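Work through the exercises below with the sequence and the 3D view side by side. Try each task before reading its solution.

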Amino acid sequence: MSDTPGPGNHLIHEKSPYLLQHAFNPVDWHPWSEDAFALARQTDRPLFVSIGYATCHWCHVMEHESFEDQDVAQALNQGFVSIKVDREERPDIDQIYMNACRLISGRGGWPLTVVMTPDAKPFFAATYIPKHSRFGQPGLLDLLAQITRMWTHDRDRVLDSARKVAGALQGLTPEASTVTLDESVLKAAFDGLADRYDPEYGGFGQAPKFPAPHNLLFLLRYWKRSGSTTALDMVRTTLQAMRRGGIFDQLGFGFHRYSTDRTWLVPHFEKMLYDQAMLVLALAEAYAHTGDDFYPQVIGETIGYLTQDMRHPSGAFYSAEDADSEGEEGKFYVWTNQDIEEVLTPEEAKLAKTVFGLTLEGNYTDEASGRRTGANILHLPRPLHQAAESLGEDPQDLSAQLETIRSKLLAARSRRPRPLLDDKILTDWNGLMIAALARAGQVADNRQYVQDAQSAAEFILDQMHDSGRLLHRYRDGQAAIPGMLDDYAFFIWGLLELYSAVHDPRYLSLAQDLTRTCLDHFRDLKQGGFYLTPDDGEELLTRPQEVTDGAIPSGNSVMLSNLLRLAAMAGDPEPDRRARELIAAFSGTVTEIPAGCTFFLCGLDMALNSSG
């Protein structure tokens, strides 16, 4: 990689770590801006838009293969106006064009590659694209040449395709439905989750396997409503299996993004703030319902990681840590037998290999090549009490020995080159973390967690709250980008949890004020749902409304719970009316895919309880 910006590259003054990673490519990248669109119109070139994020492994792969390559850069610079978008800075842009990708290609993911007309209508979309064609998949160089030919010689066909995709995107807004949601949809969601549940390893589906903590939160509520011990067992098995697996960092703690296999062993190694927050919330609710001491232990480990490695000095939390270091995914986290033997005594090394499941050939299979590397991911193949029994050890004595081993290995690991820290601060993800800390502090009776939540909330209010409106991103002393629905919904959630924890009326008043702003600027006045973007924001191709859950709950799902809680806390019937309208707005979608809307159904459960 060059140490000077590429010719014409316009990213060097951006704040996004992801955009800055590409500021030295030979591609003439632009940020998403009117200047880029004007250039496309003036030069009659299509837009090549690449969307990703700083800690994305396959984004790094595509950059190294293609965007650092002179041949690819030449094709892009001659035939296209190229735009880089950080999907975490601009979730609105990402959601619109991810929907386009699913319409066009039937799949989604990052890096997201979209080619569009100068008026932002997409006509081609894909995820990762290799530089050269292989295994029947066209490579980027061939695709660029083909798109350039079509743009030059078959423009009408391209524009017709773009119009159709744009029309389909604009038709995704939910339509009014006469369906009334009741307890039957809760049962349907439970049945859908149960069908996909893996009773051996926990979680849902086979591989890849995602944490999906909103599903666990729903199952806990469903257990309380129905008495289904199966629902509770699904939560227990999943959380325990994840804590023992390679998806959990056994040395430094915290959860990796997701597991590439069924057994939770081999993760994609990035660590995202939102995953930590949602899993702490699930663990806290599991503890509140069961009193099992397993849960506060994992809560403490996860929050300890965050406060050690992911917190700004002023109290807010950073976004993520990368999967890669020294050009390899997972290199920071994996261990060969020799690595272990160099750090530990022979007795400690033998114990570590046994308890943490190390093998001579390694248990880490490189995803790209499929080969064993001799590297191991530390995990606990058996629960600790079973390991102690098989070793003839007292469980407490074994725990003490493992803590000594962990400390030594962690100290050795700290001398390795560390993965990139994406140090931007996002209001929405911090809102989730504030809610998690405040709730965990309540159920575990830990004042420090609550104080950490208050510190993060004060940072948002001091740095990212202006004239009653929220800003989305803070980095390097600058807050920018108008807040979107998730910023309001998740931060309001955090404020409500803080109010419940400390009973300071200021938090309730702020939550009410921000809810009014949300109703004024994001609400669909016809249907009752909420748009992702405000009515006075940048005009994009569409204003998405989303109710299904992704890695985190949708903003509409969280707003449903917020409105119902505000109505109860403040004794105000207006939020309750808006909540009932919100339920009606998405009743059709929720009925069609109940297991895809589990956090919305947590709110519905709350509404049914208050109605009955």
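**Exercise 1.** How many aromatic pairs does a search of the whole structure find?

*Solution.* The model is predicted, so local features need pLDDT of at least 70 and side-chain atom pairs count only at pLDDT 80 or more, while totals for chains, interfaces and linings use all residues. Residues are numbered from 1 along each chain as its sequence is written, and side-chain values use heavy atoms, with hydrogens and water left out. Rings of Phe, Tyr and Trp (its six-membered ring) pair if their centres lie within 6.5 Å, and planes under 30 degrees apart count as stacked, over 60 as edge-to-face and the rest as tilted. By this rule, the search of the whole structure gives 24 aromatic pairs.

**Exercise 2.** Classify the pair Phe269 and Tyr333, and state where its two residues lie.

*Solution.* Begin with the geometry: the ring centres of Phe269 and Tyr333 are 5.6 Å apart and the planes are at 10°, so the pair is stacked. Next, locate the residues, using helices (H or I, at least four residues) and strands (E, at least two) as DSSP runs numbered from the N terminus. Phe269 is in the loop between strand S7 (267–268) and strand S8 (271–272), and Tyr333 is in the loop between strand S11 (328–329) and helix H13 (337–343), so the pair ties together parts that are 64 residues apart in sequence. Finally, consider accessibility, where buried means under 20% relative accessible area, exposed over 50%, and partly exposed in between (1.4 Å probe, protein chains only). Phe269 is buried, at 1%, and Tyr333 is buried as well, at 7%.

**Exercise 3.** How many salt bridges does the count come to, and which parts does the one between Asp605 and Arg225 tie together?

*Solution.* A salt bridge requires a side-chain nitrogen of Lys or Arg within 4 Å of a carboxyl oxygen of Asp or Glu, and by this rule the count comes to 44. In the salt bridge of Asp605 with Arg225, the closest N and O atoms are 2.4 Å apart. Asp605 belongs to helix H24 (residues 598–611) and Arg225 to helix H9 (residues 213–226), so the pair ties together parts that are 380 residues apart in sequence. Asp605 is buried, with a relative accessible area of 5%, whereas Arg225, at 27%, counts as partly exposed.

**Exercise 4.** Where do Lys408 and Glu348 lie, and how many residues apart are they?

*Solution.* The side chains of Lys408 and Glu348 meet in a salt bridge with an N to O distance of 2.9 Å. Lys408 is in helix H16 (residues 395–413) and Glu348 in helix H14, 60 residues apart.
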